There are 2 protein chains.
Amino acid sequence: MTERTLSIREAAAETGVTAHTLRYYERIGLALPVARAKSGHRRYGEPELRWIVFLRRLHATGMPIRKMLAYARLARKGPAGADGRRALLEEHRREIKERLGQLTSTLEVIEQKLALYDQLPAPPAEHAPRER
Amino acid sequence: MTERTLSIREAAAETGVTAHTLRYYERIGLALPVARAKSGHRRYGEPELRWIVFLRRLHATGMPIRKMLAYARLARKGPAGADGRRALLEEHRREIKERLGQLTSTLEVIEQKLALYDQLPAPPAEHAPRER
DNA sequence: CTACGACTTCGAGCGCGCTCTAAGTCAACG
DNA sequence: CGTTGACTTAGAGCGCGCTCGAAGTCGTAG
């Protein structure tokens, strides 16, 4: 029943960010001040880790820190912030879908270009191939 | 048969970047020095526009400018740079696929969270909902 | 008791990709 | 001929998201 807690180094390894970044997130208010050992050292539990991982997901999919911050503030308000959180998530869902489309269409463009390298005797010309 | 050329402003509108950015791309070597009117003003033709659009696609899908620069240099070498260009494109294809996976899995996470807002009487708790 | 190493805070610094400013030139209009 | 306005260059500045350095504290090993 002992709760497993991690040092900042371990938490960093677990979440895939650096210890510097964990402290940074805390000081800008993206994460709450975490529990401390009596030495003053941070101790991370499961909920903190899950929160960081979720933030990184949002960030990796293009959400800027300012928006994550807004979401974090709403989360701290509990039920009162539910509508706002939902709106932010819906907005981000839209943006993810947009990015998916962008990636997919560029993937196609690249596949086409690559196909040229396979099929042509001479490599495809690119804009202004001369070099002086 | 007259070639249609655009001013920097028009080219910017056409490609979706600012005139500032067009000049910036030229000075860092991402785009070749473009033709000039006798006034000294830049004149953009079709190939230049297509090149810029392609660069923006690469960039929008996560390619850093340094890599685009490497690609541009290879393109200027013509056939001699074909292998290198191909390798860069293949690498970027891999990264795009990775990003697609990341976006897709995060999209699922968000869909799940959103589903909670629809089904629960109380909104879902988030890490450390208290606000002092 | 001492030395070590992992932690702490605070603040400065950095790489990226623009973005903007200042000062000047040129062409066309009235 | 004078004004307007779109362009030119070179270089400084900026927002983002970390990243690092300095200086100090704590707790365990030898």
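1. A residue is called buried when its relative accessible area is under 20%, exposed when that area is over 50%, and partly exposed in between, using a 1.4 Å probe and protein chains only. By that rule Glu95(A), at 22% relative accessibility, counts as partly exposed. The model is predicted, and local features need pLDDT of at least 70 while side-chain atom pairs count only at pLDDT 80 or more, although totals for chains, interfaces and linings use all residues. Residues are numbered from 1 along each chain as its sequence is written, chains are lettered from A and ligands numbered from 1 in the order in which they are written, and side-chain values use heavy atoms, with hydrogens and water left out.

2. The two chains are related by symmetry. With copies superposed by least squares on the C-alpha atoms of residues with pLDDT of at least 70 in both, chain B can be laid on chain A with an RMSD of 0.0 Å by a turn of 180° and a shift of 0.0 Å along the axis. That is the relation of a two-fold axis, and in chain B the C-alpha nearest to this axis, 3.2 Å from it, belongs to Leu100(B).

3. Contact here means heavy atoms within 4.5 Å, and the contact between the chains takes 47 residues from chain B and 47 residues from chain A. Because 100% of the interface residues of chain B are also interface residues in chain A, the copies meet through the same surface. Buried area is the accessible area (1.4 Å probe) that two parts lose on being put together, summed over both; chain B and chain A bury about 4,600 Å² between them, with 68% of it on carbon and sulfur atoms. Of the area that chain B buries against chain A, 15% is supplied by Leu103(B), Tyr117(B) and His127(B), more than any other three residues.

4. A salt bridge is a side-chain nitrogen of Lys or Arg within 4 Å of a carboxyl oxygen of Asp or Glu. There are 6 salt bridges between chain B and chain A, and Asp118(B) and Arg86(A) meet in a salt bridge through their side chains, at 2.6 Å from N to O. Helices (H or I, at least four residues) and strands (E, at least two) are DSSP runs, numbered from the N terminus. Helices H3 (46-60), H4 (65-76) and H5 (82-119) of chain B are the elements that give two or more residues to the side of chain B that touches chain A, and the largest share of that side, 24 residues, comes from H5(B).

5. Two residues of chain A show contacts that reach into chain B. Thr61(A) sits in the loop between helix H3 (46-60) and helix H4 (65-76) of chain A and is buried, with a relative accessible area of 2%. Leaving aside its neighbours within four places in sequence, Thr61(A) is in contact with residues including His92(A), Gln102(B) and Leu103(B). Lys97(A), in helix H5 of chain A, is partly exposed at a relative accessible area of 45%, and, not counting residues up to four places away in sequence, touches Leu107(B) and Glu111(B).

6. Within chain A, the side chains of Lys67(A) and Glu95(A) meet in a salt bridge at 3.4 Å, N to O. This pair links distant parts of the chain, with Lys67(A) in helix H4 and Glu95(A) in helix H5 of chain A, 28 residues apart.
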